Amino acid sequence: MKNHLRVLRAERDWSQAELAERLSVSRQTVNAIETERYDPSLPLAFETARVFECRIEDL
Amino acid sequence: MLNDTHPKSTQKLGIWLLLALTANGALLRLALSLAMRDGTRNPIPAAAIAWALAALALTASLLWLLRSVWRRRDSWALYLGAALLCIVFYKVGRNRPELAPIELPLAILLLAPAALLVWAFVRQVRRADELERKILFQALAFAFVIEFSVAIVYALLEGMDVPRPPSILWASLLVMSWAAGLGIFARRYE
């Protein structure tokens, strides 16, 4: 699934590890989502939207 | 690969400690074995007792160090190491009649790391995030199929007077195929 997670993360100057901590997942999971190798579940997508303070469609 | 926030150096230390502990366990059993063998003819030599005591002290200190690593959060390598520990403790000194009087307490002693293993595994699954659970599940399925296939092949060969493999083979095969599965499926998401 295409996403802008890397851009959103770079805008906030967060590392993958920092984002992983905020989402309570592993850095590997963040990396897999960013590289589009893994599609997150709906709860994780909502949590990501909450962390970035944006709509789920904007991720 | 699991939801660990501790630095990699802690993981490495944990793995090294487990390897040291395993080697130490093997040495301890060998020392006991030597002591028992000589003890059948003469009184137990002082050197063997000294070696056994030294190995025991080293085991205790390594366990203490491992406890601190464990407290800082474990990793999957820790319980794989614990499995290795069980196997080596079991393997060294196997089929040694001179160990017979202490065989039972040593066998019971193995229940402690086995219980630790169950606890660590359940805790790890509970702490894993959704991707990690997916990888764990795929690795377990992979290990199950391998174990099942080998068991079926052996069951078919059993009637053809094929020598009986040691029982430890099944546990080792499960651990090894599971570890291989973790490696294979984790790579997909790197």
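Which are the buried residues of helix 3 of chain A? In this predicted model, they are Gln28(A), Thr29(A), Val30(A), Asn31(A), Ala32(A), Ile33(A) and Glu34(A), where buried means under 20% relative accessible area, exposed over 50% and partly exposed in between, with a 1.4 Å probe and protein chains only.

Residues are numbered from 1 along each chain as its sequence is written, and chains are lettered from A and ligands numbered from 1 in the order in which they are written. Because the model is predicted, local features need pLDDT of at least 70 and side-chain atom pairs count only at pLDDT 80 or more, while totals for chains, interfaces and linings use all residues, and side-chain values use heavy atoms, with hydrogens and water left out.

View 1. After helix 3 of chain A comes Glu36(A), which has a positive phi near 60°.

**View 2. Packing of helix 2 against helix 3 within chain A.** The axes of these two helices of chain A lie 8 Å apart, and the helices pack at an angle of about 105°, the axes being lines fitted to C-alpha atoms, for helices over the stretch in contact, with angles running from 0 to 180 degrees between N-to-C directions. Helix 2 of chain A and helix 3 of chain A are therefore roughly perpendicular to each other, given that angles under 35 degrees count as roughly parallel, over 145 as roughly antiparallel, 65 to 115 as roughly perpendicular and the rest as oblique. Helix 2 of chain A contributes Gln16(A), Ala17(A), Leu19(A), Ala20(A) and Leu23(A) to the contact, and helix 3 of chain A contributes Arg27(A), Val30(A), Asn31(A) and Glu34(A), contact meaning heavy atoms within 4.5 Å.

**View 3. Helix 3 of chain A crossing helix 6 of chain B.** The axes of helix 3 of chain A and helix 6 of chain B come within 8 Å and cross at roughly 95°, which makes helix 3 of chain A roughly perpendicular to helix 6 of chain B. On the chain A side the contact is made by Gln28(A), Thr29(A) and Ala32(A), and on the chain B side by Leu131(B), Glu132(B) and Ile135(B).

**View 4. Tyr189(B) in the segment after helix 7 of chain B.** Tyr189(B), found in the segment after helix 7 of chain B, is buried, with a relative accessible area of 6%. Leaving aside neighbours within four places in sequence, Tyr189(B) is in contact with Gln28(A), Asn31(A), Ala32(A), Arg37(A) and Tyr38(A) from chain A, and with Leu131(B), Lys134(B), Ile135(B) and Gln138(B) from chain B. The C-alpha atoms of Tyr189(B) and Glu132(B) are separated by 10.0 Å, although these residues are 57 residues apart along the chain.

**View 5. The largest nonpolar core.** Of the 27 residues in this core, Leu19(A), Leu23(A), Phe52(A) and Ile135(B) touch the most other members, a nonpolar core being a set of buried Ala, Val, Leu, Ile, Met, Phe, Trp, Tyr and Cys residues joined through side-chain atoms within 4.5 Å. Two or more residues each come from helix 1 (5-11), helix 2 (16-23), helix 3 and helix 4 of chain A, together with helix 6 (130-158) and helix 7 (168-187) of chain B, and helix 6 of chain B gives the most, with five residues. Not counting residues up to four places away in sequence, Phe52(A) touches Leu5(A), Leu8(A), Arg9(A), Arg12(A), Trp14(A), Leu19(A) and Leu59(A).

**View 6. Confidence across the two chains.** The mean pLDDT, the predictor's confidence in each residue from 0 to 100, is 90 for chain A, where 100% of the residues reach 70 or more, whereas chain B averages 70, with 42% of the residues scoring at least 70. In chain B, confidence is lowest in helix 3 (residues 76-91) of chain B, at a mean of 60, and highest in helix 6 of chain B, at 91. Over residues 1-7 of chain B, pLDDT stays under 50. Where pLDDT is low, the predicted coordinates should not be read in detail. For the complex, the predictor gives an ipTM of 0.86 and a pTM of 0.62.

Terms used
Helices (H or I, at least four residues) and strands (E, at least two) are DSSP runs, numbered from the N terminus.
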